[in-house]
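Hi everyone, thanks for making time today. Let me put the structure up, and then I'll walk you through how its chains meet.

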Amino acid sequence: MKSHKHFTDEELLCLLDGEAGSPEAMHCWQCRVRMAELEKSVAAFVHLKQDRLDVALPSGDGPASLLRARLKLEKPARHYWHWVAVGLVVALSLLWPGRRTVASDLPDNRITPGATRLIAREQVCVLSASEDDRKPSKALAMQVFELYGIRNPQPRRFEVDYLIAPTLGGADDVRNLWPQPYSDSIWNSRVKDALEDLLRAKVCQGEMDLAVAQSEIARNWVAAYQKHFRTAVPIEAHALFVKDKPWE
Amino acid sequence: MSAIRSQVVDWVWPQTAEKASPVAEEVSQLFEEFRGPVLRYMVSLGLPMQDAEDILQEVFLSLFHHLSKGKPRDNLRGWVFRVGHNLALKRRQSLKPTDPLPELTLTDPGLNPEEETAARREQARMLKIFAALPERDRCCVLLRAEGLRYREIAATLNLSLGTVSGTLARVLIRLQVEPR
């Protein structure tokens with residue numbers, strides 16, 4: 001009679017995992033018992049993992065939204081002629097250097113549409129000075145730079161600014177922040193600070209609705225400045241206005 | 001009162017409507033599908049949750065470029081785990097050693113105190129063995145526990161199929177439940 005050759009543990013596990021054949025085809029009782037023992041070990045490990053090793057995961061809504069926003073900014077891979085064109089542009093810009101900007105006067109509406117907190121006019125008007133000095137965390141600031149494609153942001157060049165200022169009910173949210181340059185444009189963060197102060201004063205004096213102030217600043221703060229200060233270009237004193245600290 | 005209520009807002013101002021590309025849509029869907037298992041795996045490698053979330057974003061942005069270039073799309077789960085694994089190990093090198101695993105808490109209401117003590121002892125024993133395993137072996141088992149097939153584990157850890165099956169069998173024998 002031909003002697004029976006038992007399956008090795010590795011072979012039994014492959015059968016169990018569906019990586020080789022079907023375990024139903026196995027007729028040897030000894031092999032089946034051994035397989036049951038291996039299966040018991042698998043079950044014990046799964047329980048160990050669930051009890052001891054797995055961590056509770058935070059909600060995925062925020063990360064999923066962030067990824068969607070970042071994907072919108074990503075450009076699909078280009079063909080070689082695209083890089084040839086890019087090379088030409090870079091070469092020309094080196095030959096004729098002009099003013100280069102990495103961030104503009106207005107935020108990218110797709111990344112920074114503006115976000116507000118649940119707050120009433122009365123609350124806005126009694127906000128403390130600390131609210132005025134509120135700055136986003138470094139992690140949040142880095143997230144903003146990343147979303148805007150700014151690598152290694154230079155200290156004192158940008159202010160990671162709230163589009164809708166906290167003093168006007170703006171939220172501490174990445175959708176309400178953008179890297180505003182200090183000096184690249186006449187429409188810089190110092191000028192915007194002056195507008196924020198004016199709008200808050202108007203809201204608190206009852207001359208303006210809070211939601212309207214928020215809306216105007218979110219849609220186009222430059223246009224809001226021109227409208228409220230009745231000027232096409234920033235007032236000279238505002239260009240020197242220093243309220244917020246730069247990002248460092 | 002109504003005047004105050006009319007001032008209350010809590011919303012995000014509307015964005016410029018722009019439809020995501022089909023590849024971006026696909027990557028977003030894969031993110032929803034794989035986020036949990038990949039995140040758990042990266043945390044089990046010793047990364048803080050925030051770092052794991054950061055890396056996960058990088059992984060899926062890389063996936064977007066991978067798919068945009070028309071590169072192979074078979075075994076995408078293995079691809080995601082492999083890139084996540086490599087980036088996680090790289091990030092871990094720059095971090096301080098993590099705290100040891102928390103104390104065991106068993107809350108199975110079906111166990112009486114004696115059984116609970118025995119179960120706790122058994123898990124402590126297994127945990128000790130598991131912690132003493134080489135990292136590659138631990139990764140193999142954790143990936144299998146996350147539902148990866150052998151070829152996916154092999155792709156993630158850059159191993160042969162034979163090494164994967166041999167490792168899994170060896171680890172399970174070491175973890176084998178002791179008869180009570």
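So, starting with the contact itself: 62 residues of chain A touch 58 residues of chain B, where contact means heavy atoms within 4.5 Å. Before I go on, some housekeeping: this is a predicted model, in which local features need pLDDT of at least 70 and side-chain atom pairs count only at pLDDT 80 or more, while totals for chains, interfaces and linings use all residues. Residues are numbered from 1 along each chain as its sequence is written, chains are lettered from A and ligands numbered from 1 in the order in which they are written, and side-chain values use heavy atoms, with hydrogens and water left out.

Back to the interface. About 5,600 Å² is buried between chain A and chain B, 62% of it on carbon and sulfur atoms; that is the accessible area (1.4 Å probe) that two parts lose on being put together, summed over both.

How many salt bridges are there between chain A and chain B? The count is five, taking a salt bridge as a side-chain nitrogen of Lys or Arg within 4 Å of a carboxyl oxygen of Asp or Glu. One links R68(A) with E32(B), at 3.7 Å between the closest N and O atoms. In another salt bridge, E58(B) meets R70(A) at 3.1 Å, N to O. This pair joins two chains, because E58(B) sits in helix α3 (residues 49-68) of chain B and R70(A) in helix α3 of chain A. Helices here are DSSP runs of H or I, at least four residues, numbered from the N terminus. R70(A) is buried, with a relative accessible area of 11%, whereas E58(B) is partly exposed at 29%. For those words, buried is under 20% relative accessible area, exposed is over 50%, and partly exposed is in between (1.4 Å probe, protein chains only).

Now a pair within chain B: E146(B) and R40(B) form a salt bridge at 2.9 Å, N to O. E146(B) lies in the loop between α6 (135-145) and α7, and R40(B) in helix α2 (residues 22-44), so the pair ties together parts that are 106 residues apart in sequence. E146(B) is buried at 12%, and R40(B) is partly exposed at 23%. Both also belong to a salt-bridge network with K49(A) and D54(A).

Last stop, α1(A): its buried residues include L12(A), L13(A) and C14(A). Among what covers them are α2 of chain A and, from chain B, α7 (150-157) and α8 (161-175).
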